[in-house]
Amino acid sequence: MNAGDFHKLNAYILRATGMNVPESNVSTVENFVKIRMEEQALDLPAYLNLLDRDLGERDLFFNSITINETYFFREEKQFKALRDFFIPRWNERGGEPLRLWSASCSSGEEPLSLYALLKEFSRRPFTLTASDISGRMLEVFSRGSYRYTAFRHDGEEFRDLLDRAIKDREEKSFSVEGAVLEEIDRKQINVFSDSFDGLPDMDLIFFRNTLIYMSPDNKKKIIGRLAGKLKEEGVLFLSVSETALISDPALELEEWHGVYFFRKKAPLKVAEKTAPVPASSARGSVSLETAVRHRLPEDDLELCRRINRYRGRGKICPPEDSGLVCQYVNLAAAVENQDLEEASEFLGKDRELSRFPGLFHFFSGYLAYSKGCNEEAAAHFRSSVEACPKLWPSRYYLLRSGGRELNKEEKLENLEAALEQIRRYISADRYDFQFLLEGFNARYFELICNREREQLASGSV
Ligand SMILES: C[S@@+](CC[C@H](N)C(=O)[O-])C[C@H]1O[C@@H](n2cnc3c(N)ncnc32)[C@H](O)[C@@H]1O
(Lines give C-alpha, C1' and ligand atoms only; values in the text may rest on other atoms or scores of the structure.)
Protein backbone atom coordinates (compact mmCIF):
# COMPACT_ATOMS: atom_id res chain seq x y z
CA MET A 1 0.00 0.00 0.00
CA ASN A 2 1.48 3.38 -0.91
CA ALA A 3 2.00 6.01 1.77
CA GLY A 4 -0.96 8.13 0.60
CA ASP A 5 -3.40 5.21 0.90
CA PHE A 6 -1.81 4.13 4.15
CA HIS A 7 -2.46 7.60 5.55
CA LYS A 8 -6.07 7.56 4.34
CA LEU A 9 -6.60 4.19 6.01
CA ASN A 10 -5.13 5.36 9.30
CA ALA A 11 -7.09 8.60 9.19
CA TYR A 12 -10.26 6.54 8.74
CA ILE A 13 -9.40 4.33 11.73
CA LEU A 14 -8.62 7.35 13.87
CA ARG A 15 -11.89 9.03 12.94
CA ALA A 16 -13.92 5.89 13.56
CA THR A 17 -12.30 4.56 16.74
CA GLY A 18 -10.04 7.24 18.16
CA MET A 19 -7.15 4.80 17.84
CA ASN A 20 -3.65 5.06 16.44
CA VAL A 21 -3.08 1.51 15.24
CA PRO A 22 -0.35 0.04 17.46
CA GLU A 23 2.87 -0.50 15.50
CA SER A 24 2.78 -4.22 16.26
CA ASN A 25 -0.57 -4.44 14.47
CA VAL A 26 0.10 -2.24 11.45
CA SER A 27 0.95 -5.02 8.99
CA THR A 28 -1.99 -7.19 10.13
CA VAL A 29 -4.41 -4.35 9.43
CA GLU A 30 -2.78 -3.51 6.13
CA ASN A 31 -2.83 -7.12 4.94
CA PHE A 32 -6.42 -7.55 6.03
CA VAL A 33 -7.50 -4.49 4.04
CA LYS A 34 -5.48 -5.53 0.99
CA ILE A 35 -7.12 -8.96 0.95
CA ARG A 36 -10.63 -7.56 1.41
CA MET A 37 -10.06 -5.00 -1.36
CA GLU A 38 -8.81 -7.69 -3.73
CA GLU A 39 -11.65 -10.08 -2.90
CA GLN A 40 -14.22 -7.42 -3.64
CA ALA A 41 -12.31 -5.71 -6.48
CA LEU A 42 -12.40 -2.35 -4.69
CA ASP A 43 -9.85 0.44 -4.43
CA LEU A 44 -9.24 2.03 -1.03
CA PRO A 45 -11.76 4.91 -1.25
CA ALA A 46 -14.46 2.43 -2.36
CA TYR A 47 -13.52 0.07 0.49
CA LEU A 48 -13.67 2.87 3.09
CA ASN A 49 -17.02 3.83 1.65
CA LEU A 50 -18.20 0.25 2.07
CA LEU A 51 -17.10 0.29 5.72
CA ASP A 52 -19.43 3.23 6.32
CA ARG A 53 -22.38 1.36 4.83
CA ASP A 54 -21.88 -2.30 5.66
CA LEU A 55 -21.94 -3.13 9.38
CA GLY A 56 -20.75 -6.70 8.81
CA GLU A 57 -17.67 -5.54 6.92
CA ARG A 58 -17.07 -2.83 9.49
CA ASP A 59 -17.11 -5.41 12.24
CA LEU A 60 -14.59 -7.64 10.45
CA PHE A 61 -12.42 -4.58 9.98
CA PHE A 62 -12.62 -3.53 13.65
CA ASN A 63 -11.68 -7.06 14.60
CA SER A 64 -8.50 -6.76 12.57
CA ILE A 65 -7.40 -3.53 14.28
CA THR A 66 -8.06 -4.29 17.92
CA ILE A 67 -5.78 -5.99 20.42
CA ASN A 68 -7.78 -8.18 22.75
CA GLU A 69 -5.30 -9.39 25.35
CA THR A 70 -7.04 -9.90 28.71
CA TYR A 71 -7.26 -12.33 31.67
CA PHE A 72 -9.29 -12.97 34.82
CA PHE A 73 -8.85 -10.56 37.76
CA ARG A 74 -6.24 -8.56 35.84
CA GLU A 75 -4.60 -5.92 38.06
CA GLU A 76 -5.77 -7.65 41.22
CA LYS A 77 -5.04 -4.58 43.37
CA GLN A 78 -8.06 -2.94 41.81
CA PHE A 79 -10.23 -5.93 42.72
CA LYS A 80 -8.88 -5.71 46.28
CA ALA A 81 -9.91 -2.05 46.40
CA LEU A 82 -13.38 -3.05 45.28
CA ARG A 83 -13.63 -5.85 47.85
CA ASP A 84 -12.18 -3.98 50.82
CA PHE A 85 -13.18 -0.39 50.20
CA PHE A 86 -15.94 0.21 47.68
CA ILE A 87 -18.25 -2.76 48.15
CA PRO A 88 -18.45 -2.39 51.99
CA ARG A 89 -19.38 1.27 51.51
CA TRP A 90 -21.95 0.49 48.87
CA ASN A 91 -23.38 -2.17 51.18
CA GLU A 92 -23.65 0.31 54.05
CA ARG A 93 -25.32 2.91 51.91
CA GLY A 94 -27.93 0.48 50.54
CA GLY A 95 -30.41 1.68 47.97
CA GLU A 96 -31.16 0.83 44.38
CA PRO A 97 -29.20 -1.77 42.40
CA LEU A 98 -25.61 -0.93 41.59
CA ARG A 99 -24.90 -0.27 37.94
CA LEU A 100 -21.59 -1.59 36.65
CA TRP A 101 -20.07 -1.35 33.19
CA SER A 102 -17.04 -3.08 31.71
CA ALA A 103 -16.66 -0.86 28.64
CA SER A 104 -13.90 -2.72 26.76
CA CYS A 105 -14.71 -6.22 27.88
CA SER A 106 -12.86 -8.16 25.16
CA SER A 107 -13.67 -11.90 25.48
CA GLY A 108 -15.38 -11.46 28.86
CA GLU A 109 -12.73 -12.20 31.50
CA GLU A 110 -13.04 -8.70 32.99
CA PRO A 111 -16.85 -8.60 33.40
CA LEU A 112 -16.88 -12.20 34.66
CA SER A 113 -14.31 -11.22 37.29
CA LEU A 114 -16.47 -8.28 38.33
CA TYR A 115 -19.53 -10.50 38.39
CA ALA A 116 -17.87 -13.13 40.60
CA LEU A 117 -16.57 -10.50 43.02
CA LEU A 118 -19.88 -8.68 43.38
CA LYS A 119 -21.84 -11.95 43.73
CA GLU A 120 -19.60 -12.89 46.63
CA PHE A 121 -19.34 -9.60 48.50
CA SER A 122 -22.14 -7.25 47.49
CA ARG A 123 -25.33 -7.21 49.54
CA ARG A 124 -26.88 -4.92 47.00
CA PRO A 125 -28.27 -6.30 43.77
CA PHE A 126 -26.40 -5.13 40.69
CA THR A 127 -26.66 -4.98 36.93
CA LEU A 128 -23.59 -5.50 34.80
CA THR A 129 -23.15 -4.30 31.22
CA ALA A 130 -20.23 -5.63 29.19
CA SER A 131 -19.43 -3.96 25.90
CA ASP A 132 -16.70 -3.88 23.30
CA ILE A 133 -16.18 -2.42 19.86
CA SER A 134 -15.44 -5.88 18.50
CA GLY A 135 -18.39 -8.10 17.61
CA ARG A 136 -16.07 -11.10 17.33
CA MET A 137 -14.92 -10.69 20.94
CA LEU A 138 -18.52 -10.43 22.13
CA GLU A 139 -19.25 -13.65 20.28
CA VAL A 140 -16.34 -15.39 22.02
CA PHE A 141 -17.70 -14.06 25.31
CA SER A 142 -21.19 -15.39 24.56
CA ARG A 143 -19.74 -18.92 24.20
CA GLY A 144 -18.31 -18.65 27.72
CA SER A 145 -15.53 -21.15 27.12
CA TYR A 146 -12.05 -20.36 28.47
CA ARG A 147 -8.67 -22.01 28.68
CA TYR A 148 -6.94 -22.12 32.06
CA THR A 149 -4.29 -19.81 30.59
CA ALA A 150 -6.89 -17.07 31.07
CA PHE A 151 -5.71 -17.13 34.71
CA ARG A 152 -2.33 -15.62 35.53
CA HIS A 153 -0.25 -15.12 38.63
CA ASP A 154 -1.72 -11.61 38.86
CA GLY A 155 -5.28 -12.27 40.06
CA GLU A 156 -4.46 -15.61 41.71
CA GLU A 157 -5.93 -14.46 45.02
CA PHE A 158 -9.41 -14.20 43.50
CA ARG A 159 -9.35 -17.25 41.30
CA ASP A 160 -11.61 -19.37 43.53
CA LEU A 161 -14.41 -16.83 43.29
CA LEU A 162 -15.10 -17.97 39.78
CA ASP A 163 -15.72 -21.58 40.87
CA ARG A 164 -19.43 -21.03 41.40
CA ALA A 165 -19.83 -19.73 37.89
CA ILE A 166 -18.15 -22.72 36.26
CA LYS A 167 -20.20 -25.49 34.68
CA ASP A 168 -17.89 -27.97 32.92
CA ARG A 169 -14.22 -28.51 33.46
CA GLU A 170 -12.03 -30.17 30.88
CA GLU A 171 -8.32 -30.78 30.97
CA LYS A 172 -7.33 -27.48 29.37
CA SER A 173 -10.51 -25.47 29.40
CA PHE A 174 -13.74 -24.80 31.26
CA SER A 175 -17.20 -23.36 30.53
CA VAL A 176 -19.14 -20.73 32.40
CA GLU A 177 -22.76 -21.39 33.43
CA GLY A 178 -25.26 -20.17 30.85
CA ALA A 179 -27.32 -18.52 33.61
CA VAL A 180 -24.32 -16.42 34.59
CA LEU A 181 -23.72 -15.31 31.00
CA GLU A 182 -27.37 -14.36 30.75
CA GLU A 183 -27.12 -12.07 33.74
CA ILE A 184 -24.50 -9.97 32.00
CA ASP A 185 -25.87 -7.61 29.40
CA ARG A 186 -23.61 -7.76 26.30
CA LYS A 187 -23.55 -4.86 23.87
CA GLN A 188 -21.41 -3.77 20.95
CA ILE A 189 -20.38 -0.19 21.73
CA ASN A 190 -17.61 1.96 20.32
CA VAL A 191 -16.95 4.25 23.28
CA PHE A 192 -15.34 6.82 21.01
CA SER A 193 -18.41 7.62 18.99
CA ASP A 194 -21.48 5.48 19.72
CA SER A 195 -24.37 6.86 21.73
CA PHE A 196 -24.62 5.75 25.39
CA ASP A 197 -28.30 6.64 25.49
CA GLY A 198 -29.55 3.10 26.17
CA LEU A 199 -27.34 2.74 29.26
CA PRO A 200 -28.18 3.79 32.83
CA ASP A 201 -25.86 6.13 34.73
CA MET A 202 -23.18 4.01 36.34
CA ASP A 203 -21.74 3.49 39.83
CA LEU A 204 -18.63 1.86 38.39
CA ILE A 205 -16.98 1.86 34.98
CA PHE A 206 -13.98 -0.28 34.05
CA PHE A 207 -12.20 0.95 30.93
CA ARG A 208 -8.80 -0.62 31.21
CA ASN A 209 -5.89 -1.27 28.89
CA THR A 210 -7.57 0.37 25.93
CA LEU A 211 -6.68 4.08 26.11
CA ILE A 212 -3.07 3.21 25.48
CA TYR A 213 -3.75 3.09 21.73
CA MET A 214 -5.54 6.44 21.61
CA SER A 215 -4.01 9.81 20.79
CA PRO A 216 -3.97 12.35 23.66
CA ASP A 217 -6.99 14.23 22.30
CA ASN A 218 -9.03 11.12 21.85
CA LYS A 219 -8.17 9.92 25.34
CA LYS A 220 -9.57 13.17 26.62
CA LYS A 221 -12.70 12.83 24.55
CA ILE A 222 -13.35 9.26 25.69
CA ILE A 223 -12.74 10.05 29.35
CA GLY A 224 -15.11 13.02 29.07
CA ARG A 225 -17.78 10.74 27.58
CA LEU A 226 -17.32 8.08 30.28
CA ALA A 227 -17.34 10.72 33.02
CA GLY A 228 -20.68 11.92 31.62
CA LYS A 229 -22.07 8.42 32.15
CA LEU A 230 -21.07 8.18 35.83
CA LYS A 231 -23.43 8.95 38.68
CA GLU A 232 -22.26 11.56 41.14
CA GLU A 233 -19.63 9.80 43.30
CA GLY A 234 -19.42 7.05 40.64
CA VAL A 235 -15.99 5.53 40.06
CA LEU A 236 -13.88 5.00 36.95
CA PHE A 237 -11.00 2.54 36.82
CA LEU A 238 -8.40 2.71 34.08
CA SER A 239 -5.35 0.49 34.09
CA VAL A 240 -2.52 1.53 36.39
CA SER A 241 -0.28 2.65 33.53
CA GLU A 242 -2.99 4.83 31.98
CA THR A 243 -4.20 6.64 35.06
CA ALA A 244 -1.25 9.01 35.41
CA LEU A 245 -1.82 10.54 31.99
CA ILE A 246 -5.46 11.46 32.45
CA SER A 247 -7.29 14.41 33.87
CA ASP A 248 -10.84 15.59 33.42
CA PRO A 249 -12.64 18.53 35.05
CA ALA A 250 -15.53 16.29 36.12
CA LEU A 251 -13.28 13.74 37.82
CA GLU A 252 -11.19 13.70 40.99
CA LEU A 253 -8.15 11.42 41.08
CA GLU A 254 -8.17 9.51 44.39
CA GLU A 255 -6.07 6.82 45.96
CA TRP A 256 -6.68 3.88 48.27
CA HIS A 257 -3.58 1.96 49.42
CA GLY A 258 -1.72 2.66 46.21
CA VAL A 259 -4.71 2.00 43.95
CA TYR A 260 -5.64 5.05 41.89
CA PHE A 261 -9.12 5.68 40.54
CA PHE A 262 -11.31 8.57 39.42
CA ARG A 263 -14.39 9.67 41.28
CA LYS A 264 -17.08 11.81 39.68
CA LYS A 265 -17.23 15.17 41.42
CA ALA A 266 -20.46 16.61 42.75
CA PRO A 267 -21.77 19.27 40.36
CA LEU A 268 -20.77 22.81 41.34
CA LYS A 269 -23.42 24.74 43.17
CA VAL A 270 -24.51 27.91 41.37
CA ALA A 271 -22.58 30.20 43.71
CA GLU A 272 -19.37 28.19 43.26
CA LYS A 273 -19.50 28.18 39.49
CA THR A 274 -16.57 29.86 37.81
CA ALA A 275 -17.27 33.32 36.49
CA PRO A 276 -18.46 33.27 32.88
CA VAL A 277 -15.94 34.32 30.27
CA PRO A 278 -16.60 38.01 29.55
CA ALA A 279 -18.68 38.40 26.40
CA SER A 280 -16.06 40.67 24.91
CA SER A 281 -13.52 37.86 24.81
CA ALA A 282 -15.78 35.08 23.64
CA ARG A 283 -15.27 35.58 19.93
CA GLY A 284 -12.02 37.13 19.07
CA SER A 285 -12.60 40.68 20.26
CA VAL A 286 -10.92 41.68 23.50
CA SER A 287 -10.83 45.00 25.22
CA LEU A 288 -8.21 47.40 23.93
CA GLU A 289 -6.60 47.41 27.33
CA THR A 290 -6.17 43.62 27.29
CA ALA A 291 -4.91 43.66 23.74
CA VAL A 292 -2.17 46.16 24.45
CA ARG A 293 -1.16 44.47 27.64
CA HIS A 294 -0.44 41.26 25.75
CA ARG A 295 2.03 41.38 22.95
CA LEU A 296 1.51 39.34 19.83
CA PRO A 297 3.54 36.16 19.51
CA GLU A 298 6.86 36.79 17.82
CA ASP A 299 6.53 34.14 15.18
CA ASP A 300 4.49 31.17 13.98
CA LEU A 301 6.17 28.80 16.40
CA GLU A 302 5.30 30.88 19.44
CA LEU A 303 1.77 31.26 18.12
CA CYS A 304 1.51 27.43 17.86
CA ARG A 305 2.51 27.14 21.50
CA ARG A 306 -0.16 29.61 22.55
CA ILE A 307 -2.89 28.02 20.46
CA ASN A 308 -2.00 24.64 21.81
CA ARG A 309 -2.51 25.84 25.36
CA TYR A 310 -6.14 26.67 24.62
CA ARG A 311 -7.04 23.49 22.83
CA GLY A 312 -9.97 21.40 24.02
CA ARG A 313 -11.80 24.41 25.47
CA GLY A 314 -14.13 24.84 22.51
CA LYS A 315 -14.21 28.20 20.89
CA ILE A 316 -13.46 30.07 24.09
CA CYS A 317 -10.75 32.58 23.41
CA PRO A 318 -7.94 32.99 25.87
CA PRO A 319 -9.45 35.93 27.76
CA GLU A 320 -6.11 37.55 28.42
CA ASP A 321 -4.78 37.19 24.91
CA SER A 322 -4.89 39.41 21.86
CA GLY A 323 -7.63 39.35 19.21
CA LEU A 324 -5.44 37.83 16.53
CA VAL A 325 -4.42 34.92 18.75
CA CYS A 326 -8.12 34.37 19.51
CA GLN A 327 -8.91 34.22 15.80
CA TYR A 328 -6.31 31.52 15.42
CA VAL A 329 -7.59 29.59 18.43
CA ASN A 330 -11.05 29.58 16.87
CA LEU A 331 -9.72 28.67 13.46
CA ALA A 332 -7.70 25.77 14.89
CA ALA A 333 -10.73 24.55 16.89
CA ALA A 334 -12.91 24.62 13.75
CA VAL A 335 -10.32 22.62 11.77
CA GLU A 336 -9.86 20.13 14.59
CA ASN A 337 -13.63 19.61 14.76
CA GLN A 338 -13.61 19.18 10.99
CA ASP A 339 -15.96 22.13 10.74
CA LEU A 340 -14.31 23.14 7.50
CA GLU A 341 -16.93 25.60 6.31
CA GLU A 342 -16.63 27.57 9.48
CA ALA A 343 -12.84 27.39 9.24
CA SER A 344 -12.99 28.80 5.67
CA GLU A 345 -15.12 31.65 6.94
CA PHE A 346 -12.63 32.48 9.70
CA LEU A 347 -9.78 32.35 7.25
CA GLY A 348 -11.47 34.51 4.63
CA LYS A 349 -12.62 37.16 7.10
CA ASP A 350 -9.42 38.64 8.39
CA ARG A 351 -6.38 39.48 6.25
CA GLU A 352 -4.49 40.19 9.46
CA LEU A 353 -4.18 36.42 9.89
CA SER A 354 -1.48 36.41 7.20
CA ARG A 355 0.80 38.18 9.68
CA PHE A 356 1.64 34.61 10.64
CA PRO A 357 2.38 33.23 7.18
CA GLY A 358 3.49 29.76 8.31
CA LEU A 359 0.15 29.01 9.93
CA PHE A 360 -1.91 31.08 7.53
CA HIS A 361 -0.64 29.05 4.58
CA PHE A 362 -0.87 25.81 6.52
CA PHE A 363 -4.59 26.32 7.16
CA SER A 364 -5.24 27.63 3.63
CA GLY A 365 -3.42 24.57 2.25
CA TYR A 366 -5.27 22.19 4.55
CA LEU A 367 -8.67 23.54 3.52
CA ALA A 368 -7.76 23.38 -0.20
CA TYR A 369 -6.43 19.83 0.28
CA SER A 370 -9.66 18.78 2.02
CA LYS A 371 -11.62 19.99 -1.01
CA GLY A 372 -9.36 18.02 -3.34
CA CYS A 373 -7.69 21.15 -4.81
CA ASN A 374 -4.22 19.63 -4.60
CA GLU A 375 -2.32 22.16 -6.68
CA GLU A 376 -3.62 25.09 -4.68
CA ALA A 377 -2.92 23.15 -1.48
CA ALA A 378 0.67 22.35 -2.51
CA ALA A 379 1.34 26.03 -3.30
CA HIS A 380 0.15 27.02 0.18
CA PHE A 381 2.14 24.29 1.94
CA ARG A 382 5.24 25.37 0.00
CA SER A 383 4.75 28.98 1.14
CA SER A 384 4.23 27.76 4.67
CA VAL A 385 7.51 25.82 4.65
CA GLU A 386 9.35 28.82 3.16
CA ALA A 387 7.95 31.14 5.83
CA CYS A 388 8.50 28.74 8.72
CA PRO A 389 10.89 25.90 7.86
CA LYS A 390 10.46 24.28 11.28
CA LEU A 391 6.73 23.75 10.85
CA TRP A 392 7.11 20.11 9.80
CA PRO A 393 3.37 19.37 9.41
CA SER A 394 3.49 21.68 6.35
CA ARG A 395 6.33 19.62 4.87
CA TYR A 396 4.35 16.50 5.46
CA TYR A 397 1.20 17.83 3.78
CA LEU A 398 3.26 19.26 0.94
CA LEU A 399 4.36 15.69 0.22
CA ARG A 400 0.78 14.47 0.47
CA SER A 401 -0.80 17.10 -1.72
CA GLY A 402 1.94 17.93 -4.22
CA GLY A 403 3.67 14.56 -4.13
CA ARG A 404 3.19 13.84 -7.78
CA GLU A 405 4.65 17.10 -9.01
CA LEU A 406 7.77 16.89 -6.89
CA ASN A 407 10.62 14.91 -8.42
CA LYS A 408 12.24 12.08 -6.53
CA GLU A 409 15.15 14.19 -5.21
CA GLU A 410 12.81 16.91 -3.96
CA LYS A 411 10.60 14.35 -2.28
CA LEU A 412 13.55 12.69 -0.58
CA GLU A 413 14.94 16.04 0.51
CA ASN A 414 11.62 17.01 2.05
CA LEU A 415 11.19 13.63 3.70
CA GLU A 416 14.66 13.77 5.24
CA ALA A 417 14.03 17.27 6.56
CA ALA A 418 10.60 16.30 7.91
CA LEU A 419 11.98 13.17 9.55
CA GLU A 420 14.79 15.02 11.24
CA GLN A 421 12.40 17.64 12.58
CA ILE A 422 9.86 15.08 13.72
CA ARG A 423 12.54 13.16 15.60
CA ARG A 424 13.72 16.30 17.34
CA TYR A 425 10.14 17.18 18.18
CA ILE A 426 9.57 13.73 19.70
CA SER A 427 12.81 13.63 21.65
CA ALA A 428 12.15 17.11 23.07
CA ASP A 429 8.71 15.88 24.14
CA ARG A 430 7.00 18.70 22.24
CA TYR A 431 3.28 18.96 21.77
CA ASP A 432 2.97 22.39 20.13
CA PHE A 433 1.81 21.19 16.72
CA GLN A 434 -0.76 18.73 18.03
CA PHE A 435 -3.65 20.82 16.72
CA LEU A 436 -2.23 20.43 13.20
CA LEU A 437 -1.96 16.64 13.35
CA GLU A 438 -5.56 15.50 12.84
CA GLY A 439 -5.48 13.61 16.14
CA PHE A 440 -2.44 11.49 15.24
CA ASN A 441 0.66 11.64 17.38
CA ALA A 442 4.08 12.62 16.05
CA ARG A 443 5.27 8.99 16.08
CA TYR A 444 2.68 8.15 13.50
CA PHE A 445 4.12 10.80 11.15
CA GLU A 446 7.60 9.43 11.77
CA LEU A 447 6.36 5.97 10.85
CA ILE A 448 4.66 7.10 7.68
CA CYS A 449 7.60 9.27 6.51
CA ASN A 450 10.03 6.40 7.13
CA ARG A 451 7.85 4.13 5.14
CA GLU A 452 7.57 6.56 2.26
CA ARG A 453 11.34 7.07 2.25
CA GLU A 454 11.93 3.30 2.08
CA GLN A 455 9.43 2.94 -0.75
CA LEU A 456 11.02 5.82 -2.67
CA ALA A 457 14.51 4.44 -2.16
CA SER A 458 13.46 0.98 -3.36
CA GLY A 459 11.68 2.51 -6.37
CA SER A 460 8.34 0.93 -5.45
CA VAL A 461 6.43 4.23 -5.87
C1 LIG B 1 -6.32 -4.93 25.49
S2 LIG B 1 -8.04 -5.27 25.56
C3 LIG B 1 -8.41 -4.93 27.24
C4 LIG B 1 -9.51 -5.81 27.78
C5 LIG B 1 -9.86 -5.57 29.25
N6 LIG B 1 -10.43 -4.26 29.45
C7 LIG B 1 -8.64 -5.74 30.13
O8 LIG B 1 -8.14 -4.76 30.69
O9 LIG B 1 -8.18 -6.89 30.26
C10 LIG B 1 -8.68 -3.85 24.70
C11 LIG B 1 -10.12 -4.01 24.24
O12 LIG B 1 -10.63 -2.72 23.91
C13 LIG B 1 -11.50 -2.87 22.81
N14 LIG B 1 -11.62 -1.54 22.17
C15 LIG B 1 -10.72 -0.89 21.41
N16 LIG B 1 -11.21 0.29 20.99
C17 LIG B 1 -12.45 0.38 21.51
C18 LIG B 1 -13.46 1.36 21.44
N19 LIG B 1 -13.28 2.51 20.74
N20 LIG B 1 -14.62 1.14 22.08
C21 LIG B 1 -14.81 0.00 22.80
N22 LIG B 1 -13.89 -0.98 22.90
C23 LIG B 1 -12.72 -0.78 22.27
C24 LIG B 1 -10.81 -3.92 21.96
O25 LIG B 1 -11.70 -4.55 21.05
C26 LIG B 1 -10.27 -4.87 23.00
O27 LIG B 1 -11.16 -5.93 23.25
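Helices H1 (residues 3-17) and H4 (residues 55-65) pack at an angle of about 100°, with their axes 12 Å apart; axes are lines fitted to C-alpha atoms, for helices over the stretch in contact, and angles run from 0 to 180 degrees between N-to-C directions. The two helices are therefore roughly perpendicular to each other, a term for angles of 65 to 115 degrees. Leu 9, Tyr 12, Ile 13, Ala 16 and Thr 17 of H1 meet Arg 58, Phe 61, Phe 62 and Ile 65 of H4, where contact means heavy atoms within 4.5 Å.

This is a predicted model, in which local features need pLDDT of at least 70 and side-chain atom pairs count only at pLDDT 80 or more, while totals for chains, interfaces and linings use all residues. Residues are numbered from 1 along each chain as its sequence is written, and side-chain values use heavy atoms, with hydrogens and water left out.

Helix H4 is mostly covered, with eight of its 11 residues buried, that is, under 20% relative accessible area with a 1.4 Å probe and protein chains only. Among the buried residues are Glu 57, Asp 59, Asn 63 and Ser 64, and the elements that cover them include H1, H2, H3, H7 and strand S6. At the start of H4, a side-chain oxygen of Asp 54 comes to within 3.0 Å of the backbone nitrogen of Gly 56.

Helices (H or I, at least four residues) and strands (E, at least two) are DSSP runs, numbered from the N terminus. Seven strands form an open sheet of mixed pairing, in the order S6-S2-S1-S7-S8-S10-S9; strands pair if DSSP finds at least two bridges between them. Its edges are S6 (184-188) and S9 (251-256), each of which pairs on one side only, and the twist averages 25° from one strand to the next. Within the sheet, S1 (residues 98-102) and S2 (residues 126-132) pair in the parallel sense over five bridges, and Arg 99 has Thr 127 of S2 as its bridge partner.

| Helix | Strands touched or crossed | Direction |
|---|---|---|
| H9 (residues 216-228) | S1, S7, S8, S9, S10 | about 135° with S8 |

Confidence is given by pLDDT, the predictor's confidence in each residue, from 0 to 100. The mean for the protein is 86, and 90% of its residues reach 70 or more. Over residues 270-293, however, pLDDT stays under 50, and the model has 26 contacts beyond four places in sequence for this stretch.

Terms used. Buried < 20%, exposed > 50% of the residue type's maximum accessible area, 1.4 Å probe, protein only. Polar contact = N/O pair within 3.5 Å; in protein donor to acceptor, adjacent residues only side chain to side chain. Parallel < 35°, antiparallel > 145°, perpendicular 65-115°, else oblique.
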